[in-house]
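Have the viewer open and follow along.

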Amino acid sequence: MEQTLSIIKPDAVKKNVVGKIIDRFESNGLRVATMKKVQLSQCDAKEFYAVHKERPFFADLVDFMVSGPVVIIVLEGLNAIAKNRELMGATDPKEAAAGTIRADFADSIDANAVHGSDSLENAKREIAFFFANREIY
Ligand code: CMP
């Protein structure tokens, strides 16, 4: 069993497709171990995405992530990190395979509907950033 962090981003929350996205996870062997709806501050978003702070898209990414509430989920299942990335599709929705979350719900590389941890190390860090152990079960 593995855990990964998923964020349903402001664009998808505004489109009211939170349930449809969670259904993709649950229908494909992932379980919601915990979740919450949060309005991130600039400070939260900058710290969460600190790994990208030198990238040219960093400021736009942070502004987008604070543009409305997000839904933050810990998903659990066999190979959860890879499974979630497969279900999300490519970062740029123009390149995302048909039937993936980003192909179906994302508008652009910034407004790309979901975030998912990309490694075991990052999954642990990202989960701990948002949740205490006693909130995950
Ligand atoms: P996410 O998985 O949340 O991780 C970082 C985010 O930066 C990514 O999804 C995109 O929404 C955003 N982003 C914007 N431009 C780029 C880019 N050129 N390469 C990667 N990510 C980008």
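Setting aside its neighbours within four places in sequence, Asn84 touches Thr4, Leu5, Ser6, Phe25, Leu30, Leu75, His115 and Gly116. Keep in mind that this is a predicted model. Asn84 sits in helix α5, and with a relative accessible area of 0% it counts as buried, the cut-off being under 20%.

Now zoom in on β1. It pairs with β3 in the antiparallel sense over seven bridges, and here you can find Gln3 standing opposite Glu76 in β3. Three bridges join β1 to β4, again running antiparallel, and Ser6 stands opposite Gly116 in β4. Ser6 and Gly116 are both among the contacts of Asn84, if you want to tie this back to where we started. Is β1 mostly covered or mostly open? Mostly covered, as five of its seven residues are buried.

Next, turn to helix α7, residues 120-130. Ala123, Glu126, Ile127 and Phe130 are buried there. Looking down the axis of α7, you'd see the buried residues fall within an arc of 100 degrees, so they line one face of the helix. The general rule behind such patterns is that an α-helix has 3.6 residues a turn, so residues three or four places apart point the same way. On the other side of α7, you'll find Glu121, Lys124 and Ala128 exposed. And what covers the buried residues of α7? The cover includes the strands β1 (2-8), β2 (31-38), β3 (70-77) and β4 (114-116), along with the helices α3 (42-48) and α5 (80-88).

Keep going past α7 and you come to Glu135, in the segment after that helix. Glu135 has 33% relative accessibility, so it counts as partly exposed. Leaving out neighbours within four places in sequence, Glu135 is in contact with Ala33, Thr34 and Phe130; Phe130 is one of the buried residues of α7. Glu135 and Met35 are 100 residues apart along the chain, yet their C-alpha atoms are separated by 8.9 Å.

Last stop: the empty space. Rolling a probe the size of a water molecule over the atoms shows where such space is left. The largest pocket here holds about 540 Å³. Of the 23 residues that line this pocket, Tyr49, His52, Phe57, Thr91 and His115 are the closest to its centre. Which elements give two or more residues to the lining? They are α5, β4 and α7.

How values were computed:
Residues numbered from 1 in each chain as written. Predicted model: local features only at pLDDT ≥ 70, side-chain atom pairs only at ≥ 80, totals over all residues. Heavy atoms only, no water. Buried < 20%, exposed > 50% of the residue type's maximum accessible area, 1.4 Å probe, protein only. Helix = DSSP H or I, 4+ residues; strand = E, 2+ residues; numbered from the N terminus. Arc of directions from axis to C-beta. Contact = heavy atoms within 4.5 Å. Pairing = 2+ DSSP bridges. 1 Å grid on protein atoms, 1.4 Å probe; cavity = no way out; pocket = protein on both sides within 12 Å on 5 of 7 lines; lining within 4 Å. Points joined across faces, edges and corners; volume = space filled by probe spheres on them.
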